[in-house]
Amino acid sequence: MDVYLPIANLAVNGLVIVGLGALTGLLSGMFGVGGGFLTTPLLIFYGVPPTVAAASAASQVTGASVSGAFAHARRGGIDYQMGGVLVAGGILGTGIGALLFRLLQSLGQIDTVINVLYVLLLGGIGGLMAHESVTALRAQRRGTPLPARKRRHHPLVASLPLRWRFYRSGLYISPLAPLLLGMATGVLTMLMGIGGGFILVPAMLYILGMGASVVVGTSLFQILFVTMATTMMHALTTRAVDIVLASLLLLGSVSGAQIGAQFAQKAKPEQLRLILAVIVFGVAVRMALGLGYRPDEIYTVVPL
Amino acid sequence: MIARALFLAASLLLLGGAREPVLVPEISQHEIQVRQGFTGADLLLFGAILSPEGTRAMQGTDIVIVLEGPARSIVLREKQKVAGIWINADSTEFRSAPTFFAVASTRPIDRIIDDKTAAIYELGLKWLQLSPIGVIDPAEQRRFSAGLVDLMQRQGLYQQSDFAVHTSGDVLYQARIALPSSVQTGTYTAETFAIRNGRVVASAITRVEVRKEGFERFVALNAENNGLIYGLFAVLLSVGMGWLAGRLFALV
């Protein structure tokens with residue numbers, strides 16, 4: 001099924017794109033991450049121009065996180081106050097990200113920066129997750145429960161001025177901490193076309209020390225609004241949002257997300273996390289090799 | 001009309017250009033519409049070559065057809081290995097790199113014409129005039145040009161095919177040139193050259209218009225001019241589809 005993408009300026013096989021969306025949607029439903037970290041590189045690999053890929057992947061993450069966010073909202077799993085601060089930071093971050101994107105693009109280093117960011121972030125977080133889930137699984141097998149981790153925010157967070165009470169998260173911390181965290185994910189969303197969930201969730205747990213019951217819902221809430229802002233930002237600056245490409249991706253990912261969510265209810269969370277860790281780590285290794293091996297294309301053309 | 005034709009024939013004879021043949025080029029379609037399902041187009045470029053007297057004139061004549069798309073200014077970046085990783089380390093700018101360039105000929109160009117003439121008429125990818133911006137040393141420029149040509153050739157956007165022009169009955173010629181789906185919109189010019197004894201004896205130009213039509217045109221225009229509404233629509237679409245899927249699957 002050939003579909004012509006009017007912004008990317010090329011014909012693609014529509015079924016491949018829907019399948020790609022379904023794959024990442026499945027991951028997002030199973031693990032609560034956006035799945036953008038897979039969509040963008042795969043689209044680029046398929047021949048879609050990198051800017052169009054990043055811009056259109058953002059709207060796919062929006063679609064995939066909507067139903068998840070609704071589900072968590074019904075269960076009261078969202079701290080709206082914390083989410084609001086994160087979103088504000090995230091929107092500031094997309095603005096900064098747009099400026100950075102333009103700067104790096106004019107320097108010609110955007111792809112290198114994106115690749116290095118992928119390797120560092122995915123490698124680091126994939127490694128951490130793998131380590132954690134393996135220890136958890138081992139402890140289960142031995143039958144001795146892990147000593148409960150003391151929930152505490154990072155000492156750096158405590159040193160920030162101005163303190164707010166976040167009741168649902170059970171925190172009394174400076175709003176600057178989530179604001180900065182939101183900004184960082186906003187920048188990454190704009191640059192990499194990812195939702196940032198896989199960075200946000202661990203950061204909320206281990207840096208802010210939020211209660212686990214509101215972490216996933218609040219992260220989905222933040223991702224939802226930040227990817228919406230990213231789509232707008234791309235539509236206004238790079239003009240690279242391909243609505244046809246986005247629709248195809250959405251078609252696959254929203255259905256994939258639902259199926260993934262049903263899988264997730266049956267599986268053990270530790271196993272799920274180990275699988276996600278392996279996937280994330282695999283993508284990071286592939287990207288690291290890509291930086292070191294001679295690329296297929298030595299030359300790239302950019303319109304002046 | 002007849003008088004004019006007679007006058008033309010007579011003047012051609014009188015001008016001593018009696019042996020210069022006349023080219024009558026044509027193209028299978030003068031407009032290519034890029035709309036949903038567009039996967040590229042196959043253009044048939046054909047025509048006739050006649051002597052001024054109206055007789056067959058192909059004997060000893062070679063045909064070269066150059067189809068060229070709209071030019072644009074580009075930055076060409078080159079990756080090099082720096083500290084173990086491949087990064088864009090060098091770049092050059094070209095003022096007029098064609099977005100599409102295809103050359104078809106009856107025989108290999110270097111057997112039809114000498115290098116100097118080929119360069120003047122841009123007959124062949126080797127002779128592409130890219131107009132580099134700024135001072136650039138010739139060896140480096142050759143390296144970049146070769147890199148661009150190689151890249152575009154593998155994307156099907158630059159083509160050079162010897163023996164792709166077929167002739168019949170010493171009067172008709174035809175060639176097929178394939179445009180991939182990734183062609184840019186704009187005016188394409190097809191220039192046909194008749195070459196005899198290493199000299200261009202006749203040339204003629206036809207044009208093809210490539211344009212987006214219908215929905216594709218609508219989307220491209222709005223993405224460019226109404227960013228705000230376009231963006232809002234994309235956001236609404238993604239939220240709507242996500243919500244709808246949640247609703248539908250809740251029923252299952």
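# A tour of chains A and B

Start by selecting Val301(A): Val301(A) stands opposite Leu76(B), a residue of E5(B). Before you go on, a word on what is on your screen: this is a predicted model, in which local features need pLDDT of at least 70 and side-chain atom pairs count only at pLDDT 80 or more, while totals for chains, interfaces and linings use all residues. Residues are numbered from 1 along each chain as its sequence is written, and chains are lettered from A and ligands numbered from 1 in the order in which they are written.

**Stop 1**

Select residues 299-303 of chain A, which make up strand E5 of that chain. This strand pairs with E5(B) in the antiparallel sense, over five bridges. Two strands count as paired if DSSP finds at least two bridges between them. Now click on Tyr299(A), which faces Glu78(B) in E5(B).

How many bridges join E5(B) and E6(B)? There are eleven, and the pairing is antiparallel. One bridge to look for links Ile74(B) with Phe94(B) of E6(B). The two strands form a hairpin with two residues between them, and in the turn Ala83(B) has a positive phi of about 50 degrees.

**Stop 2: the whole contact between the chains**

Zoom out to see both chains. The contact takes 43 residues from chain A and 46 from chain B, two residues being in contact if their C-beta atoms, placed from the backbone, lie within 7 Å. On chain B, the elements that give two or more residues to the side touching chain A are strands E5 (71-82) and E6 (85-98) and helices H4 (138-154), H5 (214-225) and H6 (227-251). By class, the side of chain B that touches chain A has 23 nonpolar, 15 polar and eight charged residues. Here Ala, Val, Leu, Ile, Met, Phe, Trp, Tyr, Cys and Pro count as nonpolar, Asp, Glu, Lys and Arg as charged, and the others, Gly among them, as polar.

**Stop 3: a helix from each chain**

Axes are lines fitted to C-alpha atoms, for helices over the stretch in contact, and angles run from 0 to 180 degrees between N-to-C directions. Angles under 35 degrees count as roughly parallel, over 145 as roughly antiparallel, 65 to 115 as roughly perpendicular and the rest as oblique.

The crossing of H9(A) and H6(B) is right-handed; a crossing is right-handed if the near helix is turned clockwise from the far one by less than a right angle, and left-handed if anticlockwise. Show side chains here: from H9(A) you will find, among others, Met228(A) and Leu236(A), and from H6(B) residues including Tyr230(B) and Val235(B). The contact of H9(A) with H6(B) has eight nonpolar, three polar and no charged residues.

**Stop 4: helix pairs inside chain A**

Now select H4(A), residues 80-107, with H9(A), residues 212-236. Their axes come within 9 Å and cross at roughly 30 degrees. That makes H4(A) roughly parallel to H9(A). This crossing of H4(A) and H9(A) is right-handed.

Move on to H1(A), residues 14-31, and H2(A), residues 36-46, which pack at an angle of about 160 degrees with their axes 9 Å apart. H1(A) and H2(A) are therefore roughly antiparallel to each other. Leu20(A), Thr24(A) and Leu27(A) of H1(A) make the contact with Leu38(A), Thr39(A) and Leu42(A) of H2(A).

**Stop 5: a sheet in chain B**

Select E1, E3, E10 and E9 of chain B: in that order, these four strands form an open sheet with antiparallel pairing. The edge strands are E1 (22-27) and E9 (166-168), each pairing on one side only. To finish here, find Thr167(B), whose bridge partner in E10(B) is Tyr173(B).

**Last stop: colour by confidence**

Colour chain A by pLDDT, the predictor's confidence in each residue, from 0 to 100. The mean for chain A is 81, and 92% of its residues reach 70 or more. Within chain A, confidence is lowest in helix H6 (residues 155-158), at a mean of 68, and highest in strand E2 (residues 10-13), at 88.
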